[in-house]
Amino acid sequence: MSSSPALSARGSRLAFLVVGLCWLAVLFDGLDMFIYGSVLPHLLATKTFGLTPDTAGDLGSYATFGMLVGALTAGTVADRIGRKKLMVSCVVLFSLASGLCALADSVAVFGLGRTLAGVGLGGLLPTAISMVSDYAPRGRGAIIIGLLMTAHHAGGILSAYVAKWLIDPVGWRAAFWVCVIPLLFAPVLAKFLPESLSFLVAKGRTDEARELATRYDVELPAAKSGKQGAADRFKALQDLFRGGEWTQTVLYWLASFGGLLLVYGVATWLPTLMRAEGYELGSALSFVVVFNLGGIVGMLVAGRAADRFGAPRISAIWFALTAAGVFLLSVHMQMTVTMIVVFLTGVFLNSAQTMIYATVSIRYNPDNRATAVGWTSGMGRFGAVFGPWLGGQLLAAGNGDVGFTAFALAGLSSMVFIGIAALRSSKQAPQNTDQELVGAH
């Protein structure tokens with residue numbers, strides 16, 4: 001039965017409310033994630049805490065390790081307390097953790113703050129994606145998730161401006177105090193964000209869920225036929241390694257490892273490496289803005305390109321173009337040319353990893369698709385931990401000039417792995433090619 005115009009209008013308003021609140025939460029997530037990379041050149045130049053490049057790389061990895069923990073535990077915690085409460089808790093956690101960084105008087109305290117912030121950051125993004133998926137207007141789920149992911153890069157842009165405006169006149173601690181401001185947003189989120197429909201249905205609160213879905217003209221998620229136990233989850237994981245599937249699974253994991261190594265390595269070290277190439281701090285931070293503008297564009301165009309040419313092909317091409325762009329950044333070029341290269345690198349880099357998830361969602365059957373995507377993302381997060389550490393080690397050894405080359409090689413490796421995996425599985429791909437746009441890094 002078709003919905004009335006009044007119901008459709010209310011559904012649109014609710015979607016706007018949910019997406020708007022989640023977009024702001026993810027904006028703050030991106031700000032907190034990128035702020036470390038934006039202030040890092042200043043911390044190294046002033047030798048704050050006696051910071052050295054290798055120690056700085058370790059600190060960068062602390063946040064991504066926290067994100068790994070947060071992402072892996074988010075689903076379990078959300079099943080217990082609800083998506084809404086988890087989102088509010090994550091915002092509170094990374095805001096307070098940024099305050100700890102602002103107050104830190106040692107590397108150990110600062111590192112603890114970054115680790116705790118990472119836990120909140122890692123838990124928020126997949127939960128926000130789940131929330132907007134529940135309340136997206138019919139047939140608009142993919143584009144709504146793509147829109148949500150632009151907030152993460154908008155947060156990266158904001159981090160660069162915060163660093164540019166505050167470091168010289170006030171000091172680096174002020175940048176982390178700005179990251180405490182989202183704490184004021186937590187009560188707004190708690191008051192106005194509705195609970196996840198999927199959570200309400202899973203908890204048997206079907207009347208409440210149905211009333212929300214009917215009132216606002218959104219789809220009511222189907223109830224699960226049975227709760228998946230540990231044995232079921234283990235069997236789903238085993239299925240990824242049966243027969244010849246293990247080769248394909250490992251290739252996807254390796255591609256994801258290289259992709260997230262590249263994403264978080266560049267996110268952490270871009271301003272510092274650009275300074276090492278001879279650019280002033282202001283110019284280096286401008287590159288962060290341009291890079292994240294490219295990320296926003298990339299998120300909006302990658303899905304359309306994948307729909308037309310296929311996610312595996314786009315992922316491989318995107319990684320090749322990313323590797324070329326990252327390598328070119330090691331060459332000191334005229335400023336306008338450099339800005340163009342940074343922008344295009346942002347376009348391809350930030351959506352190449354998303355296309356890995358899209359490829360995995362196509363290549364596996366519905367019965368184990370969620371497990372395949374989840375484990376591909378999880379294995380990739382070890383690359384997210386390794387990338388910032390690698391950049392620090394290269395700089396500490398006096399090899400900062402090869403940092404971009406090392407990250408470019410990671411991009412090439414992901415291109416090779418995703419390409420081989422796609423070719424091996426092309427003849428066995430399921431006929432149902434409906435895919436879920438997965439945006440969480």
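This is a predicted model: local features need pLDDT of at least 70, side-chain atom pairs count only at pLDDT 80 or more; totals for chains, interfaces and linings use all residues.

Trainee: Which residue does Arg205 form a salt bridge with?

Mentor: First the general idea: side chains of opposite charge can pair when their charged atoms come close. Here the partner of Arg205 is Glu208, and the closest N and O atoms are 3.1 Å apart. Glu208 has 37% relative accessibility, so Glu208 is partly exposed.

Trainee: How many salt bridges does the structure hold?

Mentor: There are 3. Another one joins Asp207 to Arg210, with 3.3 Å between the closest N and O atoms.

Trainee: Where do Asp207 and Arg210 lie?

Mentor: Both sit in helix α9, which covers residues 206-216. They are 3 residues apart, about one turn of the helix.

Trainee: And is Asp207 buried or exposed?

Mentor: Use the cut-off again: exposed means over 50%. Asp207 has a relative accessible area of 60%, so Asp207 is exposed. Arg210, at 42%, is partly exposed.

Trainee: What about the pair Asp32 and Arg114?

Mentor: Their side chains meet in a salt bridge, at 3.1 Å from N to O. Asp32 belongs to helix α1 (residues 5-45) and Arg114 to helix α4 (residues 107-135), so this pair ties together parts that are 82 residues apart in sequence.

Trainee: Is Asp32 buried or exposed?

Mentor: Buried means under 20%. Asp32 has 1% relative accessibility, so Asp32 counts as buried. Arg114 is buried too, with a relative accessible area of 1%.

Trainee: Now the patches. Which residues make the nonpolar surface patch?

Mentor: To qualify, a residue needs over 30% relative accessible area and no salt bridge, and nonpolar side chains are joined within 5 Å. In this model, Phe257, Phe382, Phe386 and Trp389 make a nonpolar patch of about 340 Å².

Trainee: Which helix gives the most to the nonpolar patch?

Mentor: That's helix α15, residues 369-396, with 3 residues. Trp389 is found in helix α15.

Trainee: How does Trp389 count in terms of relative accessibility?

Mentor: Trp389 comes out at 33%, so Trp389 counts as partly exposed.

Technical notes
Residues are numbered from 1 along each chain as its sequence is written. Side-chain values use heavy atoms; hydrogens and water are left out. A salt bridge is a side-chain nitrogen of Lys or Arg within 4 Å of a carboxyl oxygen of Asp or Glu. Helices (H or I, at least four residues) and strands (E, at least two) are DSSP runs, numbered from the N terminus. Buried means under 20% relative accessible area, exposed over 50%, partly exposed in between (1.4 Å probe, protein chains only). Patches are made of residues with over 30% relative accessible area and no salt bridge: like charges are joined within 9 Å, nonpolar side chains (Val, Leu, Ile, Met, Phe, Trp, Tyr) within 5 Å. Accessible areas come from the Shrake-Rupley method with a 1.4 Å probe; for residues, only the protein chains shown count as cover.
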